[in-house]
Amino acid sequence: MFSRYKKPGAATPAPGAMRANGASAQPAPKPVVAVAPEPESTSMRRPLPKVAAQTAPQDKERKRRERLGDIKLELHRALLDNLNLAALDTATEQDLKGEIGAISAELLEEQGIVLNREERIQLIQELYDEVKGLGPLETLLKDDSVNDILVNGPHRIFVERGGKLTLTDITFKDEKHLLRIIDKIVSAVGRRVDESNPYCDARLADGSRFNCMVPPVAVDGSLVSIRKFKKDKLGIDDLVRFGAFSEEMAAYLQAAVSTRLNIIVSGGTGSGKTTTLNALSSFIDNAERVLTIEDTAELQLQQVHVGRMESRPANVEGKGAVTQRDCLRNALRMRPDRIIVGETRGEEVIDMLQAMNTGHDGSMTTIHANSARDGVSRLENMIAMAGIEMPMKAMRSQISSAVNLIVQASRLQDGSRRMTSITEITGMEGDVISMQEVFKFQRVGLTPENKIIGHFTATGVRSHYSERFRLWGYDLPPEIFEPKDVR
Ligand SMILES: Nc1ncnc2c1ncn2[C@@H]1O[C@H](COP(=O)(O)OP(=O)(O)OP(=O)(O)O)[C@@H](O)[C@H]1O
Ligand SMILES: [Mg+2]
């Protein structure tokens, strides 16, 4: 019956043996808690959201899924016993699905289970995803509207679409199932997670960034976070169209990147720092040699002359680590015109500032911070944590001469991502780094649907770099720097 994908000599397990696997003894997913309507409130406070973003599956749909889940688990085991795993790599999707269909039809018949056409197609797809891919995560990985996938234990999978988090009705069968998928991901990159080594970073085959943490450190089941890889990264025009910044700001940023100012993109987690950095890099001249250094390679530069580096954690024996700092030091010997560090978060800050100060101007990086001022403090902290003993004034003057511009990315409460400020570092006044904000996002209110109303405006200050821009042939019209008062 089974052709080339069947393990030689493998027999179909007896129906009894399959039923003995205890699958149906697994706890069912917790039902969504219904919330009783609250009495009319006289409070001056806004009502709290009743239940976190929920999309409760219909009862019938949930039962069908549970039933399919039980059958699927048994079938998956049977498939692993029956399929010739070595031949899977070369099998086409169509062939493999045909084979899975044949094996499952036989097993379903033996068990006396009848499925309709739709259920059968879905079952085959899910089994295919289990065998070839990452099980329940596959559907979400294929969905282009999903930015982030966040798994809180086997029965709660959240996704982020358009800046908003929602709970999906997709679940893993149980913690064992989730752990099996995690293991599949981390073992593909030569790592393992277990009690003694409970968390891990990895990159999925499609380039998505993956992080997991397993019990007992993760208390209610394994935690997984995936930042989906976007093949078509958002460019400057897309970001202007989406309202992430204004045309005037784009013109200013083009001048800043082209005239080789050193730029730091600052922002909170998921605020769009990497996206902004990637978009800014599009202004780099094709003739320049750019080296990028990242913990997980996410940047996609369009230039011809790009060298990409990715740091590496130690292996199981604790050997072979290559840190961002190691890459950065080596990069300095590779004749770069510009260096781009995906995110500065530790001791590499010293080498980054030195690179910015010593002829690699036009370099860029991102940091986790909530404002330009906060970003400078973060840099100071990172220098101090790296064990460099330096008087505060010397440290600040190093920062102020290295960094020219801090671009602040933010994810606002309505889920929109915007560049809320562009700040120039202009030098030192006594012991303090002096800065001036050139552009900002001016909030003016909130719509009844909780959408933020606001506009981008210049602050009215003349750019500290106007003369530099002019000398390099980027004579920006003065209107760009005039404040707007749109109400
Ligand atoms: N202006 C924007 N409009 C719509 N989507 C955006 C915008 N900026 C970023 N995104 C999307 O938001 C997600 C997060 O962006 P990004 O990876 O750049 O954030 P980050 O600040 O680098 O996050 P992290 O702190 O996790 O590294 C991505 O999926 C990206 O495509
Ligand atoms: Mg990032």
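V159 in strand β2 has a bridge partner in β3, and that partner is T166. The two strands, β2 (residues 157-161) and β3, pair in the antiparallel sense over four bridges. Keep in mind that you're looking at a predicted model. In this model, the protein chain has 15 helices and 15 strands, and 33% of its 487 residues count as buried.

**The antiparallel sheet**

- β2 and β3 belong to an open sheet of six strands, and if you walk across it you meet β3, β2, β1, β6, β5 and β4 in that order.
- The pairing in this sheet is antiparallel.
- β3 (164-167) and β4 (199-203) sit at the edges with a single partner strand each, so each has one side left without a neighbour in the sheet.
- From one strand to the next, the twist averages 15°.
- What holds paired strands together in a sheet? Strands pair through backbone hydrogen bonds, and they can do it parallel or antiparallel.

**The helix across that sheet**

**Strand β11 and its partners**

- Is strand β11 (residues 364-368) largely enclosed or left open? Four of its five residues are buried, so β11 is largely enclosed by the rest of the structure.
- Strand β7 (residues 263-267) pairs with β11 in the parallel sense, over five bridges.
- Strand β10 (residues 338-341) also runs parallel to β11, and two bridges join them.
- M364 in β11 turns up in both pairings: it is the bridge partner of I263 and also of I340.
- β10, helix α12 (residues 348-357) and β11 together make a right-handed β-α-β unit.

**Around ligand 1**

- How many residues surround ligand 1? There are 17, and the closest are N147, A244, G272, T274 and T275.
- Sorted by class, the shell has eight polar, five charged and four nonpolar residues.
- Helix α10 (residues 273-281) gives the most to this shell, with three residues.

**The chain as a whole**

- Take the contacts between residues at least 6 apart in sequence: 58% of them join residues at least 24 apart.

Conventions: Residues numbered from 1 in each chain as written. Chains lettered and ligands numbered in written order. Predicted model: local features only at pLDDT ≥ 70, side-chain atom pairs only at ≥ 80, totals over all residues. Pairing = 2+ DSSP bridges. Axes fitted to C-alpha atoms, helices over the stretch in contact; angles between N-to-C directions. Near = placed C-beta within 6 Å. Nonpolar A, V, L, I, M, F, W, Y, C, P; charged D, E, K, R; others polar. Buried ≥ 20, exposed ≤ 12 C-beta atoms within 10 Å, placed from the backbone. Right-handed = clockwise from strand over helix to strand, strands pointing away. Contact = placed C-beta atoms within 7 Å.
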